[in-house]
Each structure stands twice: as C-alpha cells, then as structure tokens.
Amino acid sequence: MNILVGCKVVPEEQDILVDSSGSLDISKSNPKISQFDLNALQAAVDIKDLVADANVKVVSIGGKYLENTKVRKDILSRGADELNVVTKDEFENLLSHNTSEIFADAVKTMGYDLIICADGSSDFFAGQVGMRTGALLNIPSVNGVSKILSVDSSKIVVQRELESEVEELEIPLPALICVSTDINTPVIPGMKAILAAAKKPINNVASQYEPCELVKLEEIKAPKKKDRLKTIVEGDSDDKIAEFVANFKKALN
C-alpha cells in the first residue's frame, strides 16, 4: 500500500516579528513542519504499523524553506520512508488553488492508494488543499477525520465528529482523507530515528506549473491591537445574560 502525506514547511511562529505597520518579518524565522501536518504524518505511520506492505511517502511543495536540511531530516525522522519535494522560488507563498494543482500533478506520477492531509496548515489554515486535490484527482475525499477504524487494500473505515453525532464512513481506495488534530498525538522521534533519517531518499519532483492569479495575495499583516473594554457582567440572571449579549453585539459592530 502506497500512502502519500501532504506536508507543508512553515516559519516558526515564535520567531516572526511584527513591525509598527503590522507587516510580518519572517527573515529570522527557522522553518518547521506545519503543526497540523504532524498529525497527518503520524496517522500514516500508524497505518504502516498495521499494514505490513505499507510505504509512506511525504510530498512537500514550497520555496527556499524546503532546502533546509534540518527540516528535511525532521520530516524523515517521523516515520516516512522517503521525501518528495517540489520546489521553486515562486512556490514560496502559494495559495490553496495553486498548491492543490501542483500537488495533484505531482502525485499522479508516484502512484498511491491513500493520500493523507491535515485539515489545514498552521500558517493560512484555509482548509482547502486536501479537498481540492481530491477533486482534481477524482477520488473519494473526506475531511474532518478524527479516527481511523480499519484499513485494508480495498477500503478505509473512518470516523468524523459532527455537531450532534459521530459519522462512520467506509471509503473505497484510492482515496484522500484530511485528518483533524484529535486523531492522534504525534510521536517525538528518538535518536535512532533521527540518525536513520539521514539515509532515507529525498527526491526532487519537477513541476512546470505556473501559479495562476485566480486569487491574488496582496499582503499579510497582523491585526491591530485594541485595548480591552473591561466591561464585566456579573451574575447569570436573564437580565444579566441579555446585558452580556447586548455588549457582545455592540463590540462586534
């Protein structure tokens, strides 16, 4: 079974600086794996432990961050068998529709039974790449997966939590699932896994795709800080609740 995992490399949040205009300075931010993609990668590794012939390949699309050897080793130390990178300078800050086009094009040449993505990335969290990719590949796609119940060569059975109930879905393979953070706790790699990562293959996947401006990213800015209003409503009577709701609506407007 070939399992592909979408994995995005993003700047370390705590290193991002915000200037007086609200612009973000990421020049001193080290690259890291998107926090939510750690859950997707762990889900693939957990399946590998259950299916004897499973092979886990990570697919990552981006710019200069993907050239960082430390982050590459970090990806491979978490149980993946190989890393496939699609890199170009213009792929540095792709929007969802561009990323999904490149992703779908890249995986067609790799062969897959199951593709696992996170529900979103820790930078934009648009929540679109996985489902868009599944649509482009014309395979069954399900998001919000919080538990994998079983998997074999023909199907995967998953759960996802809705507002008032839990769905159990049987999905024929090949398929794509987007997992939530509730699905697992990513394992921190040990020294043996880190050393083994250096021997695992890293493949450069060529792409002739040119990002289109279906939607254009104009700028990224931090929201302006606002002073707290310090409006406190004490009590739980109907009048106090109504007062709280009125204050809340006023703040929103």
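A pocket, as the word is used here, is an open set of grid points with protein on both sides within 12 Å along at least five of seven lines, and its lining residues have an atom within 4 Å of a point. With that in hand, welcome to the close-up views; please keep in mind that this is a predicted model.

**View 1. The largest pocket and its lining.** The largest pocket holds about 940 Å³ of space. Its lining is made of 45 residues, and Lys8, Leu94, Ser121, Asp123 and Phe124 are the ones that lie nearest its centre. Several elements each supply at least two residues of this lining: the strands β2 (9-11), β6 (55-62) and β8 (114-118), together with the helices α3 (96-107) and α4 (129-137). Sorted by class, the lining has 24 nonpolar, 14 polar and seven charged residues.

**View 2. Ser121, beside the pocket centre.** Here we look at one of the residues that lie nearest the centre of the largest pocket. Ser121 sits in the loop between β8 and α4, and it is buried, with a relative accessible area of 13%. Setting aside residues up to four places away in sequence, Ser121 touches Lys8, Ser34 and Phe36. Ile33 is 88 residues from Ser121 along the chain, yet 9.5 Å separates their C-alpha atoms.

**View 3. Gln42 in helix α1.** Gln42 has its place in helix α1. Is Gln42 buried or exposed? It is buried, with a relative accessible area of 9%. Leaving aside neighbours within four places in sequence, Gln42 is in contact with a run of residues: Asn184, Thr185, Pro186 and Val187.

**View 4. Cysteines without a disulfide.** A disulfide is a covalent bond between the sulfur atoms of two cysteines. How many disulfides does a search of the whole structure find? The search finds zero. Cys178 is in no disulfide either; the nearest cysteine sulfur to it, that of Cys117, is 5.1 Å away, whereas a disulfide needs the two sulfur atoms within 2.5 Å. Cys7 is buried, with a relative accessible area of 4%, and Cys178 is buried too, at 3%.

View 5. Leu173 and Pro174 are joined by a cis peptide bond, with omega about 0°. Pro174 is placed in the loop between β11 (166-172) and β12 (175-179). Asn138 belongs to another loop, the one between α4 and β9 (141-151). Although Asn138 is not a glycine, it has a positive phi of about 60°. Asn138 counts as exposed, at 70% relative accessibility.

Notes:
Residues numbered from 1 in each chain as written. Predicted model: local features only at pLDDT ≥ 70, side-chain atom pairs only at ≥ 80, totals over all residues. Heavy atoms only, no water. 1 Å grid on protein atoms, 1.4 Å probe; cavity = no way out; pocket = protein on both sides within 12 Å on 5 of 7 lines; lining within 4 Å. Points joined across faces, edges and corners; volume = space filled by probe spheres on them. Helix = DSSP H or I, 4+ residues; strand = E, 2+ residues; numbered from the N terminus. Nonpolar A, V, L, I, M, F, W, Y, C, P; charged D, E, K, R; others polar. Buried < 20%, exposed > 50% of the residue type's maximum accessible area, 1.4 Å probe, protein only. Contact = heavy atoms within 4.5 Å.
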